[in-house]
Amino acid sequence: MSIRTTTRATTGLGGRLRSATGLLGGFAAASAVHLGSILSGAPVLRNATKPALMPLLAAHSVAAAARTEREAPELLTPALLASAGGDVLLQLNDDTAFLAGMGSFAAAHVCYVAMFVRRGALTDRRRALVVAAAYATAWVGMIGQLWPDLGELKVPVAGYSLLLTSTAVTAAGLGWRTGLGGALFLLSDTLIATQLAKWRELPGHQFWIMATYVLAQYLLASGLLQHEERQERAAL
């Protein structure tokens with residue numbers, strides 16, 4: 001390899017590193033501003049920043065994969081953009097929009113489950129059964145408690161939460177990072193479900209919904225990328 005080619009490769013790698021770092025910084029900044037707007041009671045800023053969160057994370061994931069000359073997992077960007085669609089629809093405060101937003105998030109979870117399963121999340125069957133049993137117990141308990149207070153949303157919430165639980169179960173099969181991300185996603189949406197059931201809210205309830213959601217999505221995305229890197233190193 002010539003010195004010129006080496007220099008170009010080094011320059012290209014440096015540019016990809018800066019791009020990935022900059023986009024991660026943008027995601028972190030937008031997340032901080034969004035969470036701050038919830039605490040400070042600034043609805044305009046909150047509504048303006050929320051739609052930007054997942055596209056920034058998607059762009060960072062693509063750039064982070066590119067810096068190692070790989071492509072991001074095939075369904076990661078669709079999962080994050082479907083989540084962004086759900087974020088926008090849930091801001092509309094309309095029953096039809098809420099159901100559409102739930103459908104958008106359901107599509108994101110289908111993408112996540114497919115990615116995790118394709119990467120061997122269920123290979124260790126004993127471990128997968130233990131994790132599935134634990135989450136199934138939690139799901140039955142949660143739905144059992146919420147069911148009487150969900151009204152017309154009983155069936156949609158039960159179906160969506162089952163899909164969400166599937167994400168948590170399969171995420172646990174790829175490592176602690178994705179496993180924690182799946183658990184936090186489940187916690188975030190459980191807090192939303194308690195709002196739908198009109199249960200007493202926690203102090204800073206909306207803040208905790210979004211804080212756990214943003215962290216969950218970051219852990220799922222970054223965990224997938226780390227898994228891809230580990231797999232490539234193991235194959236060498």
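Me: Why does L163 count as partly exposed?
Reply: Its relative accessibility is 23%. Buried means under 20% relative accessible area and exposed over 50%, with partly exposed in between (1.4 Å probe, protein chains only); L163, at 23%, therefore counts as partly exposed. This is a predicted model, in which local features need pLDDT of at least 70 and side-chain atom pairs count only at pLDDT 80 or more, while totals for chains, interfaces and linings use all residues. Residues are numbered from 1 along each chain as its sequence is written, and side-chain values use heavy atoms, with hydrogens and water left out.

Me: Where does L163 lie, and what is it in contact with?
Reply: L163 belongs to helix α6, where a helix is a DSSP run of H or I of at least four residues, numbered from the N terminus. Leaving aside neighbours within four places in sequence, L163 is in contact (heavy atoms within 4.5 Å) with A106, H109 and V110.

Me: What makes F105 and F185 buried or exposed?
Reply: F105 has a relative accessible area of 6% and F185 a relative accessibility of 1%. Both values are under 20%, so both residues are buried.

Me: What makes a group of residues a nonpolar core, and which members touch the most others?
Reply: The term covers buried Ala, Val, Leu, Ile, Met, Phe, Trp, Tyr and Cys residues joined through side-chain atoms within 4.5 Å. The largest such core has 51 residues, and M54, Y112, F116 and F185 touch the most other members. Helices α1 to α8 each supply at least two of its residues, with α8 giving the most, 10 residues. A second, separate core of six residues includes A20, A65, A72 and L225.

Me: How many aromatic pairs are there, and why is that of F105 and F185 called edge-to-face?
Reply: Rings of Phe, Tyr and Trp (its six-membered ring) pair if their centres lie within 6.5 Å; planes under 30 degrees apart count as stacked, over 60 as edge-to-face and the rest as tilted. By this rule there are six aromatic pairs. The centres of the F105 and F185 rings are 6.4 Å apart and their planes stand at 85°, so the pair is edge-to-face. It links distant parts of the chain, since F105 is in helix α4 and F185 in helix α7, 80 residues apart.

Me: What makes F185 and Y213 an aromatic pair, and how are the planes arranged?
Reply: The centres are 5.6 Å apart, within 6.5 Å, and the planes are at 80°, over 60; therefore the two rings pair edge-to-face. This pair joins helix α7 to helix α8 across 28 residues. F105, F185 and Y213 form one aromatic cluster.
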